[in-house]
Amino acid sequence: AQRRGSSVFVQVVAAMGDSLIGVKGKDFVIVAADAHEAFSIIRLHDCADKIITIDDDKLLAAGGPNGDRRQFSQFIQKNAHLYRLRNGVKLSTAEVANFTRGELAQALRKGPYQCDMLIAGVDEGTGPELYFLDYLASMAKIDYAAHGYSAYFVWGLLDRYWTKDMTEEQALAVVRRCVNEASQRIVLNISAFKVKVVDKNGVREVTL
């Protein structure tokens, strides 16, 4: 029991160590995730990409133990692609988010995924959308979000500096503040981040 408890503690620390930040703007959404890859207490490298693209116009950022994060993210990505191939139409951002929430809820009492996620996209007619999901299958459509230990520090910054219809430059400045705060305040070394933007033209990676 003591060994199992230690293993669970390490898994929880690894999951909470992942940092995800999302900000919705006037016609885009910015998603940032730390680029650190770890196994147990070992740091492997600093070039991980925890933000995957779905249908070329949506982003899914996930944090959690490596196995759950990779497997579940790819499961959602491939099912969205399969739906497009079978039906000839893409799932909307809201539909991807609801499908993801349903799969998390179904697995919750069988073999739960230890994944916290942000799903972002820009759909014609609805504009930019950002969804917050956690490992307990709760979901909310919000204007800005954060997951992991960094969330304790950056929610206040997001509350203070986010404004409706902000430009991409303004949103990047807010994300930059959040990344700097997380890097300085958290005892874990969280210094490398990947940042991606999704808008009507698709997905692109940017630098802070």
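The model is predicted. In this model, five strands make up an open sheet with the order S10-S1-S2-S11-S12, and their pairing is antiparallel.

Ala33 stands opposite Lys194 in S11. Helix H4 packs on the sheet, where it touches strand S1 (20-24) and S10, and its direction makes about 170° with that of S10. Helix H5 also packs on the sheet. The strands touched by H5 are S1, S2, S11 and S12, and the direction of H5 makes about 20° with that of S2. On its other pairing, S11 is linked to S12 in the antiparallel sense over five bridges. Val197 has Arg204 of S12 as its bridge partner.

Two packed helices are described by the angle between their axes and the distance between the axes. Helix H4 (residues 151-161) and helix H5 (residues 168-185) pack at an angle of about 155°, and their axes are 9 Å apart. Angles over 145 degrees count as roughly antiparallel, and H4 is therefore roughly antiparallel to H5. The crossing of H4 and H5 is right-handed. On the H4 side the contact is made by Phe153, Val154, Leu157, Leu158 and Tyr161, and on the H5 side by Val174, Arg177, Cys178, Glu181 and Arg185. Of the residues in this contact, seven are nonpolar, none is polar and three are charged.

**The other five-stranded sheet**

A further open sheet of five strands has the order S5-S6-S7-S8-S9, with antiparallel pairing. Strand S5 (51-54) and strand S9 (139-141) stand at its edges, each with a single partner strand, so one side of each lacks a neighbour in the sheet. From one strand to the next, the twist averages 20°. Strand S8 (residues 127-133) pairs with S9 in the antiparallel sense over three bridges, and Phe132 stands opposite Ala140 in S9.

Helices H2 and H3 lie across strands of this sheet. H2 lies across S5, strand S6 (58-63) and S7, and runs at about 10° to S5. H3 lies across S5, S6, S7, S8 and S9, and runs at about 160° to S7.

The axes of H2 and H3 come within 11 Å and cross at roughly 135°. This angle makes H2 oblique to H3, and the crossing of the two helices is right-handed. Phe72, Phe75, Ile76 and Asn79 in H2 meet Val96, Phe99, Thr100, Glu103 and Leu104 in H3. The residues of this contact divide into six nonpolar, two polar and one charged.

Phe72 also takes part in an aromatic pair. The structure holds six such pairs. One of them joins Phe72 and Tyr113: the ring centres are 4.5 Å apart and the planes lie at 35°, so the pair is tilted. Phe72 belongs to helix H2 (residues 66-87), whereas Tyr113 is in the loop between helix H3 (93-108) and strand S7 (116-123), so the pair ties together parts that are 41 residues apart in sequence.

**A hairpin of two strands**

Strand S3 (residues 37-39) and strand S4 (residues 42-45) pair in the antiparallel sense over three bridges. The bridge partner of Glu37 in S4 is His45. S3 and S4 form a hairpin with two residues between them, and Ser40 in the turn has a positive phi of about 55°.

**Strand pairings**

| Strand pair | Sense | Bridges |
|---|---|---|
| S11 and S12 | antiparallel | five bridges |
| S3 and S4 | antiparallel | three bridges |
| S8 and S9 | antiparallel | three bridges |

Note on methods
Residues numbered from 1 in each chain as written. Predicted model: local features only at pLDDT ≥ 70, side-chain atom pairs only at ≥ 80, totals over all residues. Heavy atoms only, no water. Axes fitted to C-alpha atoms, helices over the stretch in contact; angles between N-to-C directions. Helix = DSSP H or I, 4+ residues; strand = E, 2+ residues; numbered from the N terminus. Parallel < 35°, antiparallel > 145°, perpendicular 65-115°, else oblique. Left-handed = near helix turned anticlockwise from the far one by under 90°. Contact = heavy atoms within 4.5 Å. Nonpolar A, V, L, I, M, F, W, Y, C, P; charged D, E, K, R; others polar. Pairing = 2+ DSSP bridges. Phe/Tyr/Trp six-rings, centres within 6.5 Å; stacked < 30°, edge-to-face > 60°.
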